[in-house]
Amino acid sequence: MVHVVYNFLTFLSYKLVVFNVFCCDIVTMVKKRVKISVPVDKEEVEVVNENGKRPNDDENKADTKRLKTKSWFRQPTVNELNRLQETENLFNSNLFRLQVEEVLQEVRVKEKTEKKFQQWFTTFKDHLTSICDDDTEYDLIEQTLAKKLKVKIPINCETNKTKCVFKFHKFKDVEVSGSYALGCSINSKLKVDVQITVPAETYTKNDSTNYRYHRKRAAYLAYIASHLTKLETIQEVNYTWVHGSDTKPVIDIIPIEKLANHFTVRINLVCEAEAYKLHRFSPQRNNLREAWLFNKETQENSSEVGPPTPIYNSSVLSDLTASANDKFLTDILLKSDNLKQAIVLLKIWLRQRGLQVSGHVVSMFVAYLVQTKRINNIMSSYQIVRNVWIAWKTSEWDTKGISLHKGDDSPPIQAFQEHFSIVFLDTTGYYNLCYQMCKGTYLALKRECVLAVEMLDNTSINAFIPLFMVPVKPLLQFDHILKLKNLSKVKEAVLKRASKESRVNYGVNQLALVTDTLYSLLSKGLGNRVDLILQMVDADFTWPVKKVPEKCRKDGQEESVSFGFILNPENAINIVEKGPPANFPEAEEFRLFWGDKSELRRFQDGSITETCVWDADTLAERRSITKQIINYLMKMKYGIIPSDVHHVCDQLDSVTARKQYCAFSEESSVEALRAFDELRRDLRALTQLPLDVSAVYGVSPVFSYCDPLPPLPHAPIPKPWQRGSACLIKDITRQDGTVVVPEYTPVSKAIVELGHSGKWPGDIEAFRCLKAAFHLQVADRLTKQYSLPAQAYPTHVDVLKNGLVFRLEIAHPKEITLLRREMEKGVVKYRESEESIQLQCDTVLLPRLRGALHGLHEKYPAFGPTTCLLKRWLASHLLSPPHFPPVVVELLSAAVFLRPAPLEPPAQPFVGLLRVWKLLADTDWVREMLLLDFNQDMTREEITELERKFNEREEKTPYMYIVTSYDGDLPSVWSATAPTEQVVCRARVLARSALDYMEKALMKDFKDNVLAAFVPSLTGYDVIIHLQPHLVPYSSERVDKRPSPKALPDTVVEQVVPPVEFHVVHKYLEELRSAYSDFALFFHDCFGGEVIAVLWKPDIDDSREFQLTNANALQPIKTKGEIAYKINKPALVEDFRILGAGLVRDITVT
């Protein structure tokens, strides 16, 4: 239900900007007491009296001098002024307040639903209260009770060895509890909690030990379930184990069909406080005997007392203290609407984050803050939520703990800290509300609170949407996910090596023991390599009351355990794990933990320490060191082999690795940057030039690590045909007569800026001639001064450095000005032209943007590989440039690092690609603008002005509106011409499909090979042009090709510049698009694709008028006695074949 209002709120966020500004103006106007004179001939509106109210009808009739004013500019009423003042003081903004009110209204339980539930509950309660006492005593070891009730008793079968006699005593009342009773429930998936208090006489003194209490509680629950199966207003009655606790079942009720759409009911049993003294369940006490747990033939009356059992004790205390805690919450929350609204917002926030924090803990913490006077009833819901987040992010429940109990008649809080990882004590001082909360959940909660406060403080975004409307999925949230494939085997291995104290503490709840043990192991092993480890347990199990749970589990309802890791980008890639010095006492513990992997090493600073060294040669392998560590620890500590676990982290590393050479994209980019830095120093040190070189900027994608196939050093060319310093293209024929082309050599482009001079000519042609002369001189000086092969051209200079070719182009701002210049009636005017905009982008904007993207990669090392993956994915689906320009792809990738809310920037390229897919699929590109502020330089006023222009634009072009902080007067210049609406819609469909495929393949099917997401579908295209593979550059680098790497050349070309940018497929595509762009669109994979897909334009079959200026490709067709003209598609297909003679292998018409 929360998602229903998403689109509305997104639309509202833009439409209310004007209202926001207007309201601020009104407040300013009132404060300054500005009087507005209004014409009297406009619409009549009633005037308010001095009490801020409208006069009644009698007063209106008596008032003959009624003022006339324009409704839009009338004076605000007192209530409106108060509301504006409240918004200014109590909320983030007017927009935020409106959105909060809208979502609260949407999730509030409807009055209609409340009436239906009340009617149903009356019948339900009357039916339950008709149960009579049963004086029969049942031995729970036997099946007498289950046979009588005709339902199963829902408890772990391991407790069957406990001998106890059960007698049913009727409860006193059936009452609604939980969030529904407090008014804090959410209409979406409404589940009403019903609480039944079991009479104290049901239990005896000795029932507190060895799960007797739990067995009797389960038997009592079965008695109620048996009675409910006879009620006609109930459709289904099921048992449920919540959070995997198979000793504390509840009953889940689904009402009859119509009511089931509105609510479900959960029955929970609690115990009267008089049943036991609370000190019996202190954290230091033992209530589960070792002899009972480990010896099947146990003595029931064994007097041996084992270690403390705080977790077992807490499972009983949760029932004993329920009434007292409910009363405490009711006293604080029931009459405070703002507190209840804040709790609802916090529940929505937690649900969107997927954190396993119960609403009861949230309500108790809000009550704790009220008790400690950190929040109060006067605060708005926004202020309360903000203060709760601040309190949570600064809390120390894992080290100090907090308590709602103020007396001295309970155990000290230090006693709880010894046995629980998280401590939050209730009003009695005995029950730890967070006894089931893992430390990872608490740390994740604190981390999310930090992010939430940062989003609220970020004025450049509307924080409401990412906070409350965007769900966070584990696949997009974590850099690395570990899933246990064979959970039963892992359980057995961990339990076999667990200490007796731990097993006694957890009792029969084995899943919690396994989860906490593995969490401790992973936390210690990974250390500072991870910022967060979160365990994700799916153990809620529901089954019909007349079936045994073991049978239902075999039918597919399995438990699942996985761990999510948020990596620390700096520490996660460290190859060496440095331990304590060898002579320290901690060294023995280090060796014991790491086993054979630990070794002594001496470092450059002279220290000798215990270390662990992991195997990783490339950056991609270093990002997967956490995978190595986890596999090693799981096998060494518990004998769990890698095939029993599944890692989600590096499934797409093979896409960024070269298949033809032993090289990787990141390392190759580093080598290209190193060569460019040397060339830059050489250029700035050139002598005997008319003007010095002041700066050199790289503009190719390789300079920001965004080139999927960066240039590699070229081997020496045997017997080249040479002209100057450049090599000419010659025919190469194999022995079998096959003609091949030279290996494709890309260039890395750079912009050269010269020193200041006022002597540049004022004519564009003269300017370009002078620039060509500079190219000649630069090439000559590079050759003479540094012996670098360089070939000058009118527009650029090609230079060979370290086996790589760099293309240098001199740029000057005056050239842009000359292109804007035009004469109109003898008057010089300056207007933007297509050529001037293109030159400004290439020589001014692109160098700045490339530098910003380079800095972004240095800050977030996953940015470059993420962009490479995105380019390969788009290209594999035939959306290569010009359909998706490279810069647009890079900006889309940058968005998930610059605007990661509600998450943090990813540390793994694979996760970055998933998030870009999410951005592509979920963004409404018609109504939403993507703003990228690289250095947080833009002011709120500038952003508001950009949003205003975006919303007021008449033509919805460009369709993908991406603005950067470097665009200046050309907003969204990079996507001005492409991608088109049709291409974006295609990419959105592909991204949504890829996300769904990855979710299923990785999280459910445990696949490691997910390259199917990169396989294109050729259905839907009209013509498929098949190319000769040996003529296609990078044909061996296709995603579906098997790698056959060969070593890079030992020696590189040094004497002559090889043939550059000779891409025969691109040349063929340029001719096709130039000649036939009016009739068809052409799609191709620029990274080795062997097909060109052709899509006819929608009007291809329309009849056309014969005109001399538009007679291309027309053929006469006689229809109904008249001659019409249509496009001759077979002739066009034949033209494709003729133009591609030698390159085209076959053409298929679909």
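Me: Which residue is the bridge partner of Ile 1024 in strand 36?
Reply: Thr 1148 is the bridge partner of Ile 1024 there. This is a predicted model, where local features need pLDDT of at least 70, side-chain atom pairs count only at pLDDT 80 or more, and totals for chains, interfaces and linings use all residues. Residues are numbered from 1 along each chain as its sequence is written, and side-chain values use heavy atoms, with hydrogens and water left out.

Me: How many bridges between strand 31 and strand 36?
Reply: Five, and strand 31 (residues 1023–1027) pairs with strand 36 in the antiparallel sense. Strands are DSSP runs of E with at least two residues, helices are runs of H or I with at least four, and both are numbered from the N terminus. Two strands pair if DSSP finds at least two bridges between them.

Me: What about strand 33?
Reply: Strand 31 and strand 33 also run antiparallel, joined by four bridges. His 1026 has Val 1091 of strand 33 as its bridge partner.

Me: What is the order of strands in that sheet?
Reply: The order is 32-33-31-36, in an open sheet of four strands with antiparallel pairing. Strand 32 (1080–1084) and strand 36 (1144–1149) are at the edges with a single partner strand each, so one side of each has no neighbour in the sheet. On average, neighbouring strands are turned by 20 degrees against each other, direction ignored. Axes here are lines fitted to C-alpha atoms, for helices over the stretch in contact, and angles between N-to-C directions run from 0 to 180 degrees.

Me: Which helix packs on it?
Reply: Helix 38 (residues 1064–1076), which touches strand 31, strand 32, strand 33 (1091–1096) and strand 36. Contact means heavy atoms within 4.5 Å. The direction of helix 38 makes about 165 degrees with that of strand 32.

Me: Switching to helices. At what angle do helix 15 and helix 16 cross?
Reply: Roughly 95 degrees, and the axes of helix 15 (residues 359–371) and helix 16 (residues 381–393) come within 11 Å. The two helices are therefore roughly perpendicular, the class for 65 to 115 degrees.

Me: Which residues make the contact?
Reply: Helix 15 gives Val 362, Phe 365, Val 366 and Leu 369, and helix 16 gives Asn 387, Val 388, Ala 391 and Trp 392.

Me: Phe 365 again. What is the geometry of its ring with Trp 397?
Reply: The ring centres are 5.2 Å apart and the planes are at 75 degrees, so the pair is edge-to-face. Rings of Phe, Tyr and Trp (its six-membered ring) pair if their centres lie within 6.5 Å; planes over 60 degrees apart are edge-to-face, under 30 stacked, the rest tilted. Phe 365 is in helix 15 and Trp 397 in the loop between helix 16 and strand 8 (402–403), 32 residues apart.

Me: How accessible are those two?
Reply: Phe 365 is buried at 2% relative accessibility, and Trp 397 is buried with a relative accessible area of 2%.

Me: Which residues do ring pairs link into a cluster?
Reply: Phe 96, Trp 349, Tyr 382, Trp 389, Phe 464 and Phe 468.

Key:
Angles under 35 degrees count as roughly parallel, over 145 as roughly antiparallel, 65 to 115 as roughly perpendicular and the rest as oblique. Buried means under 20% relative accessible area, exposed over 50%, partly exposed in between (1.4 Å probe, protein chains only).
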